[in-house]
Amino acid sequence: MTELPTDFRRPPGPDAPVPLGIDPETLARLVVLRDEYGSIVSLEKPSGRLAYFINDPFEVRRLLVRRHAKYVKGPGFERVKMLLGNGLIVSDGDIWRRSRTMIQPAFKVQNVHRLMTVMVECSDRRAAAWAKAAAEGATINITEETSAFALELILVSIFGDDYENRLLAAGSNPFEFLAKDSTRDLSVVMKVRELRKLLLEIIEERRQRADERFDFLSMYMQATDKNGVGFTDNELLDELITLVVAGFETSANTLNWVWYVLAGNPEVEAKVIAEAERFLPDVSAVNSENTTAMAYTQTVLEETLRLYPPVWLFTRRAREDDELEEYDVPPGTDIYLSPYILHRTAEIWPDPERFDPERFRLVEGRPKKDRPYFPFSLGPRRCLGEYFSFLEMKVHLGLLLPRFSMQRVSEEDPGLELAINLRSKQDILLRPSERH
Ligand code: HEM
């Protein structure tokens, strides 16, 4: 490890080096470190680099909100960077700031509302497949179903008509491998590179036709920076691939867990159904007022994200000197923050393993207490798709849950797959039947 000054304030931690990645072993190691050394731990990685694991809600917030500019994205993102180039999730500094300012207006609430019809159509398409399975007494693979739903939704939201006319023209969805293969290894990177050619053709066709459309691609193509300059083709392609990857896997995984949890919690399920029947009695009732009124469903989604935050581990690297309340952070330090561990720390969330949406109930329109909770991150780099994802999940559940009752096929715990995203280790099978 590099020499540290003698008055350097270092958090407690083990003497022996600790390997950290983005994998199950890392989760187990971080939990042991928290139990042994407390909410801020320092360690040395086998490379000699200093790393801190921070599980203190106050320091997590401070680092992500006020101090965010002192950090860049950390280790473990190498493959993702190969996939997403300089896209929003992986870029830093001025490149990130410019892109974020250009893209943010596309995610305004009123724009997301205009995509609600797409959310309904994608839910309806699932209903057709599930009705068939129900009639045959067959099971459905809800892990694949929620992936297909969220992938189709994000692709139609980005490409509009071009999804059907251009992306599906060759007979199948060319992005499907992203849903099937959760690794982000080199073969995935190569397939995405191939796809860039097709996306560029779509962009060029649009430039020539210049007709009126509403989708993310047209909003991204019109976006300009403070000098009136738009994205180059390469920047645009990086941002489109980023939006596909960021926009489908996280929501798909959350919905996968919601269906699993609801199938094991009939009382909670009954309340979600009652709320859906009240506010979304049919497709014509799907509007922003009614989806906002689905407050109980919102708590169910929030509690699911507490237990299963798709981005379960965040990494950062200090660009410059920083300090925590009691400790120093030298430049180059790797930082590990885990919503999964923080959300399951008993002193912060009592009885943490219990699924209880009541934790998120609003009292007089306000959260019960200030919640140490960050499934969408916090601060300037907070997720841009938070509102979009809650809306898509409410529409999906609100239309499908009152119609289909789902039985678990096995009582075995599906386990956790801890990679860049937290997925279920086993695909979850459910047996649908029509309620009415
Ligand atoms: C349950 C669903 C979702 C969860 C839990 C989630 C979570 C997150 C988290 C934790 C980050 C920050 C990662 C980091 O800083 O290391 C992030 C960033 C981002 N998310 Fe989401 N996300 C979800 C859905 C979506 C959707 C549906 C979209 C798009 C439609 C989206 C677009 C983005 C983008 C563009 C960023 C990069 C923001 C930036 O760095 O400035 N997300 N998301």
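Contact, in these legends, means heavy atoms within 4.5 Å. The model is predicted, with local features needing pLDDT of at least 70 and side-chain atom pairs counting only at pLDDT 80 or more, whereas totals for chains, interfaces and linings use all residues. Residues are numbered from 1 along each chain as its sequence is written, and side-chain values use heavy atoms, with hydrogens and water left out.

View A. R62 is found in helix α2 (residues 57-64), where helices (H or I, at least four residues) and strands (E, at least two) are DSSP runs numbered from the N terminus. R62 is buried, with a relative accessible area of 11%, buried being under 20% relative accessible area, exposed over 50% and partly exposed in between (1.4 Å probe, protein chains only). Leaving aside residues up to four places away in sequence, R62 touches R67, E323, L324 and E325.

**View B. The iron atom and C383.** The iron atom of the ligand has a single donor from the protein, C383 (SG), at 2.3 Å; donors are N, O and S atoms within 2.8 Å of the metal (3.2 Å for Na, K and Ca), and water is not among the atoms, so sites may look incomplete. C383 has its place in the loop between β10 (366-367) and α17 (386-400).

**View C. The largest cavity.** A cavity is a set of points, on a 1 Å grid over the protein atoms alone, where a 1.4 Å probe fits but cannot get out, and lining residues have an atom within 4 Å of a point. Grid points are joined across faces, edges and corners, and a volume is the space filled by probe spheres set on the points. The largest cavity has a volume of about 970 Å³, and among its 48 lining residues I89, A246, T250, V311 and C383 lie nearest its centre. Helix α12 gives the most to this lining, with 10 residues.

**View D. The second largest cavity.** This cavity has a volume of about 70 Å³, and its lining includes L64, H68, Y71 and R381. Strand β3 (residues 71-73) gives the most to the lining of the second largest cavity, with three residues.

**View E. F216 in the largest nonpolar core.** A nonpolar core is a set of buried Ala, Val, Leu, Ile, Met, Phe, Trp, Tyr and Cys residues joined through side-chain atoms within 4.5 Å. The largest one has 137 residues, and F159, F175 and F216 have the most contacts inside it; helix α12 (residues 233-263) supplies the largest share of this core, 16 residues. Not counting residues up to four places away in sequence, F216 touches A106, F107, L115, S157, I158, L243 and F388.

Terms used. 1 Å grid on protein atoms, 1.4 Å probe; cavity = no way out; pocket = protein on both sides within 12 Å on 5 of 7 lines; lining within 4 Å.
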